[in-house]
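Let's take a walk through a protein model together, one region at a time. Keep the structure open beside you and find each part as we come to it.

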Amino acid sequence: MTVDQAAGARDTAPRSARVPVVIVGAGPVGVTAALLLARRGVRTVVLERHHDIYPLPRAVAADDEVRRILQAAGVGDEFAAIARPARGLRLLDGQHRVMAEFPRATQGAHGFPQTSMFDQPELERLLRDALARRPECDLRTGVEVVGISVGVAVGPGVGIGGGVGVGGGQDGNGPVRVTFRQDGVEEHLWADAVLGCDGAGSLTRDAVGAGWQDLRFEERWTVVDVRTSAPVRCWEGVEQICDPDRPATFMRVGEDRYRWEFRLRDEPEPDHERLRELIAPWVDPSYGTDFEVVRQAQYTFRARIADRWRRGRVFLLGDAAHLTPPFIGQGLGAGMRDAHNLTWKLARVLQQGAEERLLETYESERKPHARHAIRLAVTMGWAMTGGQDGAAALRRGVLGAAFRIPGLPAAAARDLSPALAAGPLVRRRALRRARRGGRGLVGGICPQPWVTADGWRVRLDELLGDSFAVLTAAPPSPSLRAVADGLGARTVAVAGLGDDGRLSAWLREGRADAVLLRPDRVVMDEVPSGAADFTDIAGWAPLLHSARKPLPAQQTTDTSLLRSATR
């Protein structure tokens, strides 16, 4: 019995098709995942219940790592055209006096401004436009996903197991059945994998049998987006008002776009006159009618993380997997990191026959990382909003004094995206060596300077391509070359790249002669100074073993992208 015959035998709507990957949700995370998979030749169908993008602003900030992910998805230049660099974060007391400042550089380690402000509808539009240019991607809008059956067994003489509802079937690696309605007709897609990018109310989360772990933060806030040409007092960064009576956040988003956020107690949402009072510290009340409220919405900020992120070949990404308060601007960023971490692994399993165990590293790597970011956001929110207890003033005073310590604000900013914990793709032996005395490179992300390649001035990732890469400061040994060839990795000598010696200095500081970079640019392994080989090839090689030969390294660099990135 074929897949279509089996589906028709059990369902009233027999139409069905088999695709490599179905993505539920066409928000920024879902579309970015589709673009990253497309660059590796993996076909996707993206199912979205709305007919068009949501027209009102939501996410407004991206860090330099997120911008690097957008670069990897092929929309880096387009995003630069709509982004506005921000100076950083200031903590102000109730009288708007500066308590602490977190400066953000105009060019961070990833090669972009450390903080960029943007309008989410503009980001979603350019992502959708890029998706439309990719023949590997099929976006279907106006679609309601009503069922996901995990671990369905289909084969000659074998029926469809697991039922038709959400969460049917057993854990396994068989095809996943996605049931959806479009134009009143129920259809099915059979997928080798499903990515649930369907937000906080995720149907996919129910399908994997996940529940929320509460990280103990819940506050009600009103968010107000405004467009005005009136003079607004701002320092071109984010301001957090640390006032237990009326904590607030303010930021400039665009040329004439601003956002205010105010915590609400047991009170209704502010009306127009009350809103004028709240924003008076920033905007002169005489501004008149030149003040358009683009959006005013009430939100409950929560801190939660799903207790499981995967069942068989069904995965949770973004808000389906984690919810964070917005105080460190990592809500969208965490989802983009999910997509970057998972897509290269999934492509390697689907296309090259890599070990299924490779997919287990998605949750084991991303879940602790997301939990860390959420807890940091909760801590920052606790410190900034102060609470209403007797110790609130003391906490704010300690906070202000602490962040006057030289170097501490910069260190806190780096902690937004710490190195991955030890695991199958992050070698423990290298981490132990780092803890004994070196800063260590394994588990962290390689910096991205501008380099010169064949006369073109490009960012490093354009030179390296989309697969594994080896950066070396010493002549590579035959065994290192063999490893690179087996992975389809491009080997690049850091000397003479025209990067002002940044990569050479980075390797020296990490006491390494060479590093092996994963496709997401995480350092997977290293050749310690004076050694000839990576620390433990036997530890990670079994997960990456491919039944099919990887693409040759020279084919991984997109030459058209090289040209578009020249300066």
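**A helix and what covers it**

The buried residues of α15 are covered by, among others, α13 (460-464), β22 (469-472), β24 (512-517) and β25 (523-528). Before going further, keep in mind that this is a predicted model. Which residues of α15 are buried? Within this helix, which spans residues 502-509, they are Leu-503, Ser-504, Trp-506 and Leu-507. Look down the axis of α15 and you will find its buried residues within an arc of 160 degrees, so they line one face of the helix. Just after α15 comes Arg-511, which takes a positive phi of about 55 degrees.

Now turn to the strands beside this helix. They belong to an open sheet of 4 strands, in the order β23-β22-β24-β25 and with mixed pairing. At the edges stand β23 (490-493) and β25; each has a single partner strand, so one side of each is left without a neighbour in the sheet. On average, and ignoring direction, neighbouring strands of this sheet are turned by 20 degrees against each other. Strands β24 and β25 pair in the antiparallel sense, over 5 bridges, and Leu-517 stands opposite Val-523 in β25. Helix α15 packs on this sheet, where it touches β22, β24 and β25, and its direction makes about 105 degrees with that of β24.

At the β6 end, 5 bridges join β6 to β5 (residues 88-92), and the two strands run antiparallel. Gly-88 stands opposite Pro-103 in β6.

How do two helices pack against each other? In general, two packed helices are described by the angle between their axes and the distance between the axes. For α2 (residues 28-38) and α5 (residues 120-132), the angle is about 30 degrees and the axes are 10 Å apart. Angles under 35 degrees count as roughly parallel, and α2 and α5 are therefore roughly parallel to each other. Their crossing is left-handed. Among the residues making the contact are Val-31 and Leu-35 of α2, along with Leu-123 and Leu-127 of α5.

β2 pairs with strand β8 (residues 137-141) in the parallel sense over 5 bridges, and the bridge partner of Val-46 in β8 is Leu-139.

Is Leu-316 buried or exposed? Its relative accessible area is 0%, so Leu-316 is buried. Leaving aside residues up to four places away in sequence, Leu-316 touches residues including Val-208, Trp-309 and Tyr-362. Its C-alpha atom is separated by 8.7 Å from that of Asp-338, 22 residues apart along the chain.

How values were computed:
Residues numbered from 1 in each chain as written. Predicted model: local features only at pLDDT ≥ 70, side-chain atom pairs only at ≥ 80, totals over all residues. Heavy atoms only, no water. Pairing = 2+ DSSP bridges. Buried < 20%, exposed > 50% of the residue type's maximum accessible area, 1.4 Å probe, protein only. Arc of directions from axis to C-beta. Contact = heavy atoms within 4.5 Å. Axes fitted to C-alpha atoms, helices over the stretch in contact; angles between N-to-C directions. Parallel < 35°, antiparallel > 145°, perpendicular 65-115°, else oblique. Left-handed = near helix turned anticlockwise from the far one by under 90°.
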